[in-house]
Amino acid sequence: MDEIARTAGVGKDTLYRRWRSKEVLVQHLLTVLAAENDPVPADDDPRYALFVFLQDVVRLNTRSDFGAILAGIVGESVRNPGLAAAFHRFWGERRRIAGSLVRRIVDPETSTREIDRILDHVLGPIYYRLLLSGDPIDDEYLWGLVITLPWSAGEPTNQDEIA
């Protein structure tokens, strides 16, 4: 809270009047970030829309303070059930958005369970690289994740170039 107050140019008492704890402040931050960073691209090609969504995930985590905040939230969530719940709500909404994009790509009969598995296969490697390995994530890597999705019936399966 000291660092936040110093950065904002206010006293800690001002922060605590608005947010009674760090947990409440971070929950508010997650709500604001969710509202400000609506990553749903307006594009008719669902593969390209998913690609842009994934680019936004990487951008948000690498070109803003969010990546460092995310790492801190992950660690603190283990000890703080309230923060963990807010964090899961935030990512649940992001996952819902990604799921709706995936649903537009795969066969309409694909089950919700399979959509969840696909999301794990697409989002997992990104967060592994962001949070653990530090390996680079470029557009070619992201497009490679997109083209591994099972295409709906009648769709071409060899999508080697970014749309």
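**Overview**

The protein chain contains 8 helices and 0 strands. The model is a predicted one. Read from the N terminus, the elements follow the order α-α-α-α-α-α-α-α.

**Chain as a whole**

- The protein chain has 163 residues, of which 37% count as buried.
- When contacts between residues at least 6 apart in sequence are considered, 59% of them join residues at least 24 apart.

**Aromatic pairs**

- The count of aromatic pairs comes to 5.
- One of these is formed by Tyr-48 and Phe-51, whose ring centres are 5.9 Å apart; the pair is classed as tilted because the planes meet at 40 degrees, which falls between the limits of 30 degrees for stacked and 60 for edge-to-face.
- Tyr-48 and Phe-51 both belong to helix α4 (residues 46–62), and their spacing of 3 residues separates them by about one helical turn.
- Tyr-48 has a relative accessible area of 25% and is therefore partly exposed, whereas Phe-51, at 2% relative accessibility, counts as buried.
- Trp-91 and Tyr-127 make an edge-to-face pair, with 5.4 Å from centre to centre and 80 degrees between the planes.
- This second pair links distant parts of the chain, as Trp-91 lies in helix α6 (residues 81–105) and Tyr-127 lies in helix α7, 36 residues apart.
- Both Trp-91 and Tyr-127 are buried.
- Ring pairs also join Trp-91 and Tyr-127 with Phe-87 and Phe-90 in a cluster.

**A charged side chain over a ring**

- Arg-129 is placed over the face of Tyr-141, at 3.8 Å from the ring centre.

- Leu-132 is located in helix α7.
- With a relative accessibility of 64%, Leu-132 counts as exposed, because this value is over the 50% cut-off.

Notes: Residues are numbered from 1 along each chain as its sequence is written. This is a predicted model: local features need pLDDT of at least 70, side-chain atom pairs count only at pLDDT 80 or more; totals for chains, interfaces and linings use all residues. Side-chain values use heavy atoms; hydrogens and water are left out. Helices (H or I, at least four residues) and strands (E, at least two) are DSSP runs, numbered from the N terminus. Buried means under 20% relative accessible area, exposed over 50%, partly exposed in between (1.4 Å probe, protein chains only). Contact means heavy atoms within 4.5 Å. Rings of Phe, Tyr and Trp (its six-membered ring) pair if their centres lie within 6.5 Å; planes under 30 degrees apart count as stacked, over 60 as edge-to-face and the rest as tilted. A charge sits over a ring if NZ of Lys or CZ of Arg is within 6 Å of the ring centre and within 35 degrees of the ring normal.
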